[in-house]
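Open the model in your viewer and keep the selection tool at hand. We will go stop by stop.

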Amino acid sequence: MSFCKNRLHLTHFSYLILLLIIGLFTAPVLWADTVHHDLKVKLEPAQSRIIVSDQIQLPMDSSRNIEFALRSSLIVTVQDAELKTIGKSAHGDLKYYRLTNLPKNRRVKLSYQGKITTDKAQDQFGMPEYILSKDSIYLDSASAWFPQFKTHPGMTFNLQVEAPPGWEIISQGKRESLNGDFRFTMPHQQDEIYLLGGLFTRYQQMQDDIELVIYLREADAKLAHNYLKASAQYIRFYSDLIGPYPYAKFAIVENRWQTGYGMPSFTLLGSRVIRLPFILHTSLPHEIVHNWWGNGVYIDYTAGNWSEGLTAYLSDHQDSEQRGQDAAYRRKALERYANFAAQGRDFPLSQFRSRHSDASQAVGYSKSLMVFHMLRQQAGDEAFNQRIKQLWQRYQFQTASYRDVIRTLYEGDKEAYESFIAQWLNRTGAPKLSLGKVRVNETASGYRLKLEVHQEQAAPPYTLHVPIVVELTDAEIPTRSIINLTARRNIISLDFPQRPQAVTLDPDYDVFRLLDPAETPSSLGRLFGASKQLLVLPTQVSPAQRTA
């Protein structure tokens, strides 16, 4: 279980998203209007109170009047400019301000203080949307604890925090101690500033120049050792695969709520979740990879969230591949789509933002990772891996759309690329393949296999590159070829030196498609995903058993 917060794949996003339309061959979008915050924070958790001094450096090309939002419960004063209240949000939790008469150096100091409280649950785990209480703190942009400039969503920051004795504080970036306070430095452009803290036992080790940390609510040296060791291995592996790890640290933070959230340079895992043995090899690498995709290359959500599919492909699928179970993993991905998103319940990949249902997960994760797998099959392993590196080199700490990502990974000309985008990003549904008539004829040089391959879906045919495996007489190893399908009824001819004995279409599930019923075993997923369900309950049982 895991999600990118961007908050990890589960829940709503609390981002202020820069709305950008990125052309196919345009230069990558930069956070051109970056704001720098130099924050000094004093926490008074017992009173749910925060006291902040924020020295803000606005871009030099910003206008003399600029607006921001802040929590309405906070009392604000300003130096070096004039401050005017211009309104409140519909629910009254935010207050909007305008700064006027900015100095020439565009540097102003905001001082504000007050209480931050909420009773609103953030997600199905019951975690509050934000927290500032006597025993813990979790603040992000949803709490509006720092000034949010609508016209300048990109930011860098320094953050110094005075916390209660015994508390640990977590945020993005490198952590240092300064006169008993905690100081964080984040030179890379971000769209959030996280502030977490509480009573933790902290374990730490270095992986080259990267600090690996785990914060546990109760001391557990063995658990900490396992996570730090695994983190070092995964960071080393993915740094070789993608590019150098982009942050100064990676931290694992135990949460009392059973979450799986991924933020830049740290992940927030529930206390029960973190102790599940498989999390070390599933959620942990997934969250580490999110530091490249989603928290290192930012997502243009107006064009679809590509990071979940690419992250799942390079972590969960990669792990299955190393264990020789990648074909089974892809079959399960296709099963999830068939169970929960087929028969008109899906939507185009370009409309996926975050997971909020089984159908959205089947599209945003399962279909998306299959698209990346098809890109890899098309390009070949070596070229695909090189393009993954190019994707990171080109877009690190910048925004990329689905089109940008696929354009970098795609093998082919512009026309073919546009067809690929139209087919896999903008269409709903999936191809359904079947094998029709099969004939074998003897030729002067051997045998000719002639077969019909049909696309049976009601929608127009797809352009597909489908693996086909043919078993030959007296041959120990079957032959593998790629056939191209463009029509509803495709006639394929293949020549062999020996007589063909058996033919299998897409035996390793390399193509995104609807599975044949013979390929889908009975499962609870098929039951729960069915449009109609019939549950038969026994009668000759006790009331307690029947209730269960």
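In which loop is the place of Ser 265? Select the stretch between strand 19 (260-263) and strand 20 (266-270); Ser 265 is in that loop. Helices (H or I, at least four residues) and strands (E, at least two) are DSSP runs, numbered from the N terminus.

Before going on, note the ground rules. This is a predicted model, where local features need pLDDT of at least 70 and side-chain atom pairs count only at pLDDT 80 or more, while totals for chains, interfaces and linings use all residues. Residues are numbered from 1 along each chain as its sequence is written, and side-chain values use heavy atoms, with hydrogens and water left out.

Stay on Ser 265. Its phi is positive, about 75°, although Ser 265 is not a glycine. Most residues other than glycine have a negative phi. Ser 265 is buried, with a relative accessible area of 0%. Buried means under 20% relative accessible area (1.4 Å probe, protein chains only).

Next, select Tyr 509. Look in the loop between strand 28 (500-505) and helix 9 (524-529). Tyr 509 also has a positive phi, about 60°, and is not a glycine. Its relative accessibility is 14%, so Tyr 509 counts as buried.

Now go to Pro 348, in the loop between helix 4 (326-340) and helix 5 (358-379). Pro 348 is buried, at 11% relative accessible area. Show its contacts (heavy atoms within 4.5 Å). Leaving aside residues up to four places away in sequence, Pro 348 touches Leu 425, Asn 426, Arg 427 and Thr 428.

Turn to the nonpolar cores. A nonpolar core is a set of buried Ala, Val, Leu, Ile, Met, Phe, Trp, Tyr and Cys residues joined through side-chain atoms within 4.5 Å. The largest has 135 residues; Ile 50, Trp 145, Leu 195 and Trp 293 touch the most other members. Another core lies apart from it, with 16 residues, including Met 127, Val 213 and Phe 266.

Select Leu 195. Beyond residues up to four places away in sequence, its contacts include Val 41, Leu 43, Ile 50, Trp 145 and Val 161.

Finally, zoom out. The chain holds 10 helices and 28 strands. Its C-alpha trace spans about 90 × 65 × 50 Å along the principal axes. Of the 548 residues, 55% are buried.

Key:
Buried means under 20% relative accessible area, exposed over 50%, partly exposed in between (1.4 Å probe, protein chains only).
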